[in-house]
2 protein chains.
Amino acid sequence: MRGIGMDKILLSHGGGGRKTSELIENVFQTYLNDDILLQMDDSAVLDDIVFTTDTFVVTPLFFPGGDIGRLAIAGTVNDLSVMGAKPLYLSCAFIIEEGFSIETLKKILKSLKESAEECGVRIVTGDTKVVEKGKCDGIFINTSGIGKLNFKNQLSQKKIVPGDRIIINGNLGLHGISVLIARNEFGIDVDIKSDVAPLSPLLQELKDLDIKFMRDPTRGGLAQTLNELVTDKRFGIKINETDLPISPEVEGVCDILGFEAIQIANEGKVIVIASESDAENVLSVMKKHPLGTDSAIIGTVTEENAGFVSLLTGYGTERIVMPPIGELLPRIC
Amino acid sequence: MRGIGMDKILLSHGGGGRKTSELIENVFQTYLNDDILLQMDDSAVLDDIVFTTDTFVVTPLFFPGGDIGRLAIAGTVNDLSVMGAKPLYLSCAFIIEEGFSIETLKKILKSLKESAEECGVRIVTGDTKVVEKGKCDGIFINTSGIGKLNFKNQLSQKKIVPGDRIIINGNLGLHGISVLIARNEFGIDVDIKSDVAPLSPLLQELKDLDIKFMRDPTRGGLAQTLNELVTDKRFGIKINETDLPISPEVEGVCDILGFEAIQIANEGKVIVIASESDAENVLSVMKKHPLGTDSAIIGTVTEENAGFVSLLTGYGTERIVMPPIGELLPRIC
């Protein structure tokens, strides 16, 4: 590990930011070294099959706009979808704490099933483990998924060049803030619903368009996702603050707590990268879908500031956007 | 749920026995209803692809003969292998408790990687979540896997008929008892090593033979696996006590604690079912492999006692073998 005294797992190792990257690079990749794993995509591409896994430990289990069941479907379906694949089959594995309410379990399963049906994926295999009271926190769910590549273009970071446009399908920061409010830790009472949703119905509409790359900005938010994209690259990304779709409610909560909405997790958002000439067409298709009505072009791939994400503020100044370093909001997914 | 007052998850719901079956049938299958899921195989068969998932919550993390890393590979590889598939790709998802030792994590990852290499599967995608201290028990690992069907025969319970032979690849009860001893709860000090091993190197040797069905007797042991096979069937299974490979050490511990070795979990065992005329050939191939040197024919599919597993004792008496009902040994996998 970089630094001194890094001998224990910290909460920040799970936050999706720089500490997570350090743990993955220095421990997981070193020991589990595999060419496909090292590509560090959200899913592994195996011929025309895409394969991914995600575990959900969100607390609380129910939050405005969703619950751990819907999250477990959306998270994995979205990881498959952004690879340019049609999600087909999911596994569901549960770790349940002794004493957990079977009524609550049924509610979660109902939500899981409905979310799967909403995007046409099938839950085909599963596993259940029960641990003693106090040895887990209610319920943890892992979903793994298989999808089939079906986009006209092979999507790849390597296709990104200066001039390309960054499109997002709607308001930022809704998931992280909705979970935060559900925890009632800050006494803030605002009506903010999580955006948690399986995005395949929207993204499948784009399969015959000229798309270069897609990614879902989850843990660490847009700031993390864009920074991952520019790291060690010969291009930078410039986003325009005035184009970022952020609701006044999320903006307000972020102001109070000193957060930045672009660092907050989303669970129903995708960034789509297309060339300057294709971007408007992609945007118009996205806007026609219920999951993309608030889509917007928020930035451009640039030659200047290679390796960095910069933000053009409403005042005309420019600043560098860093990925979140520590753990802003643990266990939001 | 059957019975009155079944409103909370009990440890026995995770034991692999009758309570687990009740939970799966009455809750999971009802809510996650899918044709493939309802087939209740260890893996889902999707054209020529097999897909499975398993979570590992074993305590302690290290035990004689293995650790949670080796278990996480063997468990999923074996579930794919018994379907008649060559295991190809695994995902690995970790839930880690804040404060967990990174040195211990590295040991687990090393074991995971070595076990994967031992059987030629690739770990191609992963996920890590960190939860606060006290919210999980050290580390939990989920592995999901993809394999490709490559057996000459399609394996199916439907092919089983009276006269068929039941073969096992070696000593029973080693895994469950080794974990039990590692917990030091009973002050028993015997040298019993877990049999945890990925079985694909052995089972791939059988792919061109006339095999009818295979299954790995894990949670609930041989008793559970055989009972699942005869449930609602027009045949029974009779096993011969004197043919069962059980080591004197396992026999001794079982005698002391009032357990039956056939109800104890294995993690490197498989039952193979073949016709009377093919069984000796299958047995001889199995005996030549290091994972099958102690293989034996232990029983026969019978017309009598349809729906039941019976045991012919060393004294010539016969008794019915029931599946374990409650939770003998929680968290052995």
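What rotation superposes chain A on chain B? Let's find out, view by view. This is a predicted model, in which local features need pLDDT of at least 70, side-chain atom pairs count only at pLDDT 80 or more, and totals for chains, interfaces and linings use all residues. Residues are numbered from 1 along each chain as its sequence is written, while chains are lettered from A and ligands numbered from 1 in the order in which they are written.

**View 1. The rotation that relates chain A and chain B.** A rotation of 180 degrees, with 0.0 Å of shift along its axis, superposes chain A on chain B with an RMSD of 0.0 Å. This is the relation of a two-fold axis. The copies are superposed by least squares on the C-alpha atoms of residues with pLDDT of at least 70 in both. To find the axis, look for A:Cys136, whose C-alpha comes closest of the residues of chain A, at 2.0 Å. Both copies use the same surface, as 100% of the contact residues of chain A recur in chain B. Here, two residues are in contact if their C-beta atoms, placed from the backbone, lie within 7 Å.

**View 2. Where domain 1 of chain A touches domain 2 of chain A.** Domain 1 covers 41-149 and domain 2 covers 157-321 of chain A, with bounds from an automatic or database domain assignment. Their centres, taken over C-alpha atoms, are 24 Å apart. In the contact, 21 residues of domain 1 of chain A meet 23 residues of domain 2 of chain A. On the domain 1 side, the elements that give two or more residues are helix H3 (68-81), strand E5 (85-97) and helix H4 (102-118) of chain A. H3(A) gives the most, with nine residues. Helices (H or I, at least four residues) and strands (E, at least two) are DSSP runs, numbered from the N terminus.

**View 3. An open sheet of five strands in chain A.** Follow the order E1-E2-E7-E5-E6 of chain A, where the pairing is mixed. Two strands pair if DSSP finds at least two bridges between them. Strand E1 (44-46) and strand E6 (122-131) of chain A stand at the edges with a single partner strand each, so one side of each has no neighbour in the sheet.

**View 4. Strand E1 of chain A beside its partner E2.** E1(A) and strand E2 (residues 49-56) of chain A run antiparallel and are joined by three bridges. One pair to look for is A:Val45 with its bridge partner A:Val50 in E2(A).
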